[in-house]
Amino acid sequence: MAMDSMAASIGVSVPVLRFLLCFAATVPLSFICRFLPRGLPKHLYSAAVGVVLSYLSFGVSSNLHFLVPIFLGYASMLLFRPRCGILTFFLGFGYLIGCHVYYMSGDAWKEGGIDATGALMVLTLKVISCAVNYNDGLLKEEGLREAQKKFRLVKLPSLLEYIGYCLCCGSHFAGPVYEMKDYLDWAEEKGIWSPEAKGPSPSPYGATIRALLQAGFCMAMYLNLVPHFPLSKFTDPTYHEWCFWKKLSYQYMSGFTARWKYYFIWSISEASIIISGLGFSGWTDSSPPKPRWDRAKNVDIIGVEFAKSAVTIPAVWNIQVSTWLRHYVYERLIQHGKKPGFFQLLATQTVSAVWHGLYPGYIIFFVQSALMIAGSRVIYRWQQAVPPTMALAKNVLVIMNFAYTLLVLNYSCVGFMVLSLNETLASYGSVYYVGTIIPVVTILLGKVIKPARPARSKAQKEQ
């Protein structure tokens, strides 16, 4: 009865409330990690807390579902090391797709429900990266990319270490995704966590409080906005009676509203990883040096809402998953000696779509995002080709790229929210497919208008 009344008071279902309570509990439970001895106690505590939180959030079935990819990943590393990376990738994604199809979680999420599929998504990425890195441990360092050298595993983790990594204090609920090498160094107090490492032991309390305050603000924004911009409006006949600009504005506000929910979730998970110490990623070069918590960070809110280019979106939204996709899909599709192209971008976005679920809205959104990024790159090339003496023209192109990103991103994300094919096409069609036509036209113009590429700095090349 208490759960029912509490859930009703904040406008969520009881299963969602149960999940939120367990999710919030990851912060104090992760705090306890700071006082545990290194090694076995930390691994045991991480695994036990993850199992208990999963059970309390989703029931017995969740832990049974989680056991499948955990077992498949470890068995492939144990028995088929030369092929364990590719085996775990396809087996893990195969099981996840099966769960997506069986549970059709997107419909439940739209209606305010919840199940273990979201946590299974994070867990799948973890087991795949672990297996791929163990596979990389067989390769010689010469010719490997920096990320491969950094995260490769020469030795097979123990089963307890592996389960602790997968379920560490409920971090599988919403991320962030981190590497087995980092987890082992944290649990064993090696590397940057070593007592002998440069600098004093970093205090996590300021960063944790900042993340929790950010979470509170994000939840307040979402609860305030969502009654005014419901997704049901897209199927309301009155929506289709609006003028073009009003419909386009509503699409923007719907996307803007929905993002605050993700900002809230990721802010809580950020606080949890920071307070445990696992989120620590080194010291800044400033004087005095300050601790960095990049491993815990999953979103840069200002970076998303004021993105100057669509190219930067993967670096500021769902940051750790974007990093995973870059390391384990995008970079591994690039043939040695060749440059990446639209194929690698589209393949990566397709994997991301399948990871989210098999709804048409997801697939359309990620194809749209590939077009959006490719079009933004064209505008950026034009911008870089303008000589410094033509500051006005350069500023016009900067504003054009910002407006392009704002329009196409919020147009595209309607598909991510409504999910069904009919609703996605109806919402896109209501604004004459402007967010699809503009990127395609921009890409085609880029084939015709090819400015000479000026010499670029290393930072610009990385972008």
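**Close-up views of a predicted model**

**Cysteines C168 and C169.** The sulfur of C168 has its closest cysteine sulfur in C169, at 4.2 Å, which is too far for a bond. C168 counts as buried, because its relative accessibility is 4%. The structure shown here and in the other views is a predicted model.

**Cysteine C130.** C130 is accordingly in no disulfide, and the nearest cysteine sulfur to its own, that of C166, lies 7.0 Å away. The relative accessible area of C130 is 0%, so this residue is buried.

**The second largest pocket and its centre.** This pocket has a volume of about 460 Å³. Its lining is made up of 21 residues, and those closest to the centre are I86, Y328, V329, R332 and L333. Rolling a probe the size of a water molecule over the atoms shows where empty space is left.

**Helices and residue classes around the second largest pocket.** Four helices each supply at least two residues of the lining: α5 (84-103), α7 (117-136), α16 (319-330) and α17 (342-356). Which helix gives the most to the lining of this pocket? It is α5, with four residues. Sorted by class, the lining of the second largest pocket holds twelve nonpolar residues, five charged residues and four polar residues.

**The loop at G341.** G341 sits in the loop between α16 and α17, two of the helices that supply residues to the lining of the second largest pocket. G341 and A353 are twelve residues apart along the chain, and 19 Å separates their C-alpha atoms.

**S54 and its contacts.** S54 is part of helix α3, which covers residues 40-58. The relative accessibility of S54 is 0%, so S54 counts as buried. Which residues does S54 touch, leaving aside those up to four places away in sequence? They are G59, S62, N63, F66, H172 and F173.

Note on methods:
Residues are numbered from 1 along each chain as its sequence is written. This is a predicted model: local features need pLDDT of at least 70, side-chain atom pairs count only at pLDDT 80 or more; totals for chains, interfaces and linings use all residues. Side-chain values use heavy atoms; hydrogens and water are left out. A disulfide is a pair of cysteine sulfur atoms within 2.5 Å. Buried means under 20% relative accessible area, exposed over 50%, partly exposed in between (1.4 Å probe, protein chains only). On a 1 Å grid over the protein atoms alone, a cavity is a set of points where a 1.4 Å probe fits but cannot get out, and a pocket is an open set with protein on both sides within 12 Å along at least five of seven lines; lining residues have an atom within 4 Å of a point. Grid points are joined across faces, edges and corners, and a volume is the space filled by probe spheres set on the points. Ala, Val, Leu, Ile, Met, Phe, Trp, Tyr, Cys and Pro count as nonpolar, Asp, Glu, Lys and Arg as charged, and the others, Gly among them, as polar. Contact means heavy atoms within 4.5 Å.
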